[in-house]
Amino acid sequence: MPEPEKPRHPATARDGPDPPKPAHRSPAAVVAAVAAASPPRPQPGPAPVTWSHSRLFGLNARMRRVRFVTQCAAALLVVGVAAFPAIQWHAAYAEGEPRWGIGAALIALALTAAWLVIASLIQRIHDFGRSAWWLVTLLVPVLNLLVVFALVAVPGQARSNPYGAPVRHNSVLMWLIFFIVVLLPIGLIPAAVIYVDIHFSR
């Protein structure tokens, strides 16, 4: 007699062929598939540019070349204009008629001009990321000429440094003051010398 067919377990009983096994995918392929399916992330834009501003008599700031030359020239111009009253005051003092009000005003004006130059030098040095101690180099012969040339001709750092962000570009008003205070006297001084030499050297 043929043997009776053994009943199959329900969990293992299947009708038809076995289903195909899933293909093996590498981790890199999985990551690529997920990245392709996910929406693109918005790319961050460039960071907003921050600017700083120079200060007329401040120390903890930075300064560009044009403003540095303009402020130093303005201070020298003020001293030159005040030289004539100072000579008159000295003559009156020698004659025993001192005018103390004029003397005090001239001293205050000289101190203001000196502080303006010192503040401009410190802020200009800060534009290179250096400390105010670099002012000592102005006391060394020959080296002081190189330092002054660098302060006038070499641009400062374009990035932020310990003394603040870069200074905003010079305005039209600053260029106008630069022309009046710096460029115009440079042209007038030789013209004045020639005029004096022609009319008074005879």
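1. The model is predicted, with local features needing pLDDT of at least 70 and side-chain atom pairs counting only at pLDDT 80 or more, while totals for chains, interfaces and linings use all residues. Residues are numbered from 1 along each chain as its sequence is written, and side-chain values use heavy atoms, without hydrogens and water.

2. Among the buried residues of α3 are Gly 103, Leu 106, Ala 113 and Leu 116 (buried is under 20% relative accessible area, exposed over 50%, partly exposed in between, with a 1.4 Å probe and protein chains only). The buried residues of α3 pack against α2 (65–94) and α4 (143–153), contact being heavy atoms within 4.5 Å.

3. The structure holds 1 aromatic pair. Trp 175 and Phe 178 lie edge-to-face, 5.8 Å centre to centre with 85 degrees between the planes (ring centres within 6.5 Å, with the six-membered ring used for Trp; planes under 30 degrees apart are stacked, over 60 edge-to-face, the rest tilted). Both belong to helix α5 (residues 172–200), 3 residues apart, and so are separated by about one helical turn. Trp 175 is partly exposed at 45% relative accessibility, whereas Phe 178 is buried at 13%.

Notes:
Helices (H or I, at least four residues) and strands (E, at least two) are DSSP runs, numbered from the N terminus.
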